[in-house]
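Welcome, and thank you for bringing your viewer along.

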Amino acid sequence: MSLYGPINSVEIEIRLLSLLPGKGDAPIICHLETLSLSSSPEYLALSCLPGPGSPSDSRDITVNDSQFRACQDVFAALHRLRHHSQPRKVWIHAICTNQQDHDEKAQQVLLMGQIYQQALRVFVWLGESTALSIEWTQVCELFARPWWRNVWAIQAAVLAKSPVFMCGPDTATWDSIKKVKAKPRESSTEIFGTNFGSSDPVFETFYAIKRLRDKTSANQSGVSIYELMYGFRHLTCENQRDKIYAFLGMGSDTAGQGIVPNYDDSIPTTQMTNLPSWVPNWTTSTPHDPLPLLDWSSANPRYSAAGTLMKAQLRQHPSPSTLVLGGIRFDQITTLSPPWHPSTSTCIISRAPTLAEWEPLALTPHESCPYNGARGEALWRTYIADFTGPGSAPPHHSAYLECWYDRVGWTPTTLDRKDVIPKWTKHIAQLTKQSQPTRNPLRLAKTSLHLTAHGEAEYGAYLQRVQAACAHRRLLVTRRGWMGLAPWNAEVRDVVAVLYGGKTPFVLRPEKVPGEYGFVGECFVQGIMGGEALGWEFATAAARDFRIV
C-alpha cells in the first residue's frame with residue numbers, strides 16, 4: 001500500500017505531517033493528512049537539507065503506521081521540533097511531497113512560496129550544536145554551515161514571517177541574528193554610509209537574504225526571477241534544475257515566463273560545455289561575473305536602448321541552437337582598457353589604479369566626436385553607467401566623481417572617519433568652485449552647501465554605483481568614438497549591436513561564417529541608452545538579422 005494518496009495541486013492541496021508528542025528517545029510517530037491552503041490551515045514549516053539519502057545516513061520513523069527512512073538531519077530536526085505533550089502539524093518537503101512522483105513534485109514546488117508565507121512559523125534546521133554555535137555571538141561557524149549554501153534556503157528565509165533557526169537544542173530568531181550581525185566589528189569602518197571593513201564570504205547569503213526581506217517588507221515592486229537566479233547561481237543543489245525551480249515561488253514575474261517544473265528523468269541533459277553562446281548557464285558562476293546593468297525588478301527600466309516601442313524581432317531558423325534577432329549593427333570596438341577585477345565586493349573610497357588607466361583611452365580625441373568634445377563628462381557618466389531620463393545624474397554631481405578620482409591625493413592612508421570626512425569635505429568644496437567658476441555666486445554657494453551637507457550619502461551611493469558598473473568590466477571605445485563599458489572578456493573587433501526589444505546594447509563577436517555572431521554580453525554605451533541609436537542617420541542601412549550561435 002502506497003504511503004501517499006492522490007493530491008490535487010490545482011486546488012492548492014498539500015500534505016501536512018501530524019507529529020505526535022514524545023519525550024527523549026521515544027520513536028518518532030506521525031501521520032499525513034491532505035488539506036487545501038485555501039482553508040488557511042495552521043501549521044509549522046521546516047526547512048532542512050535533504051541529506052545524501054544513503055541507508056547509512058538515515059533513521060527510521062513511523063508515518064501512517066509504516067516505516068519511513070528519513071535522513072539524519074530530517075530525523076534530528078523532527079526530534080527537536082516534537083512537542084512533549086501535544087501533536088504538531090508540520091510541513092516538510094522531504095516527507096510531505098512524494099519524491100518518487102515527478103508530476104506531484106513539480107506541482108508542489110510551485111506552491112512552496114505560498115506554503116512558507118502561510119506557515120505560522122518557519123523553522124530552519126542548521127544541525128547539531130558545537131562548542132562554538134552554542135554561543136550565538138560566535139556566528140561565523142553557524143553561517144559556514146551547509147544550509148546557507150543551498151539554493152532552497154533562500155525561499156524559506158525570505159518568505160517566512162520570522163524564521164527561527166535551530167542548532168541542536170538552541171534556537172534564535174531572525175531578528176536576534178540580525179542584532180548580532182549589526183554589532184560593529186573591529187575590522188569594519190562605516191563611512192559615507194558604506195562599510196569599508198573586511199567582508200567574510202560566509203555572510204554573503206545572509207546579507208542577500210536580508211536585502212530581499214527588507215525589499216519585500218517595504219512592499220516594493222517585487223523581485224524578478226532573473227535577479228534571483230543570477231544572484232544565487234553560486235548556491236548548491238542536488239538537481240541542477242532547482243537552480244531555476246527553487247525561485248518560481250518567489251519571482252514577481254514568474255507567471256509570465258511560462259516556466260513549468262519538470263523532473264522527468266527521461267529528458268536528456270545537454271552538456272553544459274556545448275551550450276550556444278546565447279544560452280545562460282545558471283548552474284555555475286565565476287569570480288569575474290559582473291553585476292547586471294539592468295534592475296530586472298523595476299517597473300521603470302533604467303535603460304531603453306532600442307526605444308520603448310520597438311519590440312523584439314525573432315526570426316525562425318532551422319537549427320534550434322541558432323537565435324536570429326533583428327537589430328542595428330551600431331559600431332565596432334577598436335579600443336579596450338584592462339579589465340578591473342576587484343578582489344572584494346566592498347566599495348573603494350577612491351579610484352583603483354586599474355581605473356586610472358581608463359581615462360587616457362577614453363579622452364583620446366576622435367574626429368566627429370559624438371559627445372561634441374565633452375569626453376570628460378561622457379567618461380564620468382560611464383563610470384556610473386548613468387541612467388537615462390529623470391534618473392540621469394545632475395551635472396554638478398560630476399564633483400563627486402572627480403573627488404573619487406583623487407588627483408591630489410586627499411584620500412588618507414587609513415580609513416578613520418575622523419580623518420576621512422574633514423579632508424573629503426574640504427576637497428569637495430574646492431572641486432565645486434573649480435568646476436563652476438562663472439556661475440552666480442549665490443547658486444554656487446547653494447550647490448557647495450548641498451554637496452557638503454548631503455554629500456556623504458550621495459558620495460557613498462556613487463561609490464556603490466561605480467563598483468556595480470565597473471567591476472569585472474572594461475572600458476570600450478568604438479571606431480566612431482563612442483565610449484562605454486563592456487564585459488571583461490570582450491575583444492577588439494567585437495561589434496556593438498542594438499537588438500530590437502533590448503534594454504541595453506550588446507557585444508557580439510563575428511564568427512567565421514558571415515552573418516553569424518557569438519554572444520558576449522550586455523554593455524553600456526554612453527549616449528545611446530535611451531533609444532538614440534534608432535535615430536542615427538544610418539540606422540536603416542545598418543539594420544540586419546543577427547544569427548547568434
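Select D386, which counts as buried at 3% relative accessibility (buried means under 20% relative accessible area, exposed over 50%, partly exposed in between, with a 1.4 Å probe and protein chains only). Before going further, note that this is a predicted model, in which local features need pLDDT of at least 70 and side-chain atom pairs count only at pLDDT 80 or more, while totals for chains, interfaces and linings use all residues. Residues are numbered from 1 along each chain as its sequence is written, and side-chain values use heavy atoms, with hydrogens and water left out.

R381 and D386 form a salt bridge, with 2.6 Å between the closest N and O atoms (a salt bridge is a side-chain nitrogen of Lys or Arg within 4 Å of a carboxyl oxygen of Asp or Glu). R381 is buried too, at a relative accessible area of 7%.

**Stop two: another charged pair**

Next, pick R509 and E491, whose salt bridge has its closest N and O atoms 3.7 Å apart. R509 sits in strand β17 (residues 506-510) and E491 in the loop between β15 (483-487) and β16 (495-499), so this pair ties together parts that are 18 residues apart in sequence. Helices (H or I, at least four residues) and strands (E, at least two) are DSSP runs, numbered from the N terminus. R509 is partly exposed, with a relative accessible area of 23%, and E491 is partly exposed as well, at 43%.

How many salt bridges does a search of the whole structure find? The search gives 19. For one of them, select E227 and K215, whose side chains meet at 3.8 Å, N to O. The pair links distant parts of the chain, with E227 in helix α9 (residues 225-231) and K215 in helix α8 (residues 204-217), 12 residues apart. Here E227 is partly exposed, at 28% relative accessible area, whereas K215 is buried, at 17%.

**Stop four: the sheet**

Switch to a cartoon view and look for an open sheet of 9 strands in the order β5-β4-β2-β1-β6-β3-β7-β8-β9, with mixed pairing (two strands pair if DSSP finds at least two bridges between them). β5 (66-71) and β9 (170-173) stand at the edges with a single partner strand each, so one side of each has no neighbour in the sheet. From one strand to the next, the twist averages 35 degrees (axes are lines fitted to C-alpha atoms, for helices over the stretch in contact, and angles run from 0 to 180 degrees between N-to-C directions).

Zoom in on β3 (residues 44-47) and β7 (residues 121-127), which run parallel and are joined by 4 bridges. In β7, R121 is the bridge partner of L44. Then display helix α1 (residues 72-81), which packs on the sheet, touching strands including β1 (13-19) and β5, and whose direction makes about 105 degrees with that of β5.

**Last stop: an arginine in β1**

Finally, centre on R15, found in strand β1. Is R15 buried or exposed? At 2% relative accessibility, R15 counts as buried. Its side chain reaches the backbone oxygen of G5 at 2.6 Å, and makes a polar contact with the side chain of E104, also listed at 2.6 Å (a polar contact is a pair of N or O atoms within 3.5 Å; within protein, one must be able to donate a hydrogen and the other to accept it, and residues adjacent in sequence count only if both atoms are side-chain atoms).

Conventions
Contact means heavy atoms within 4.5 Å.
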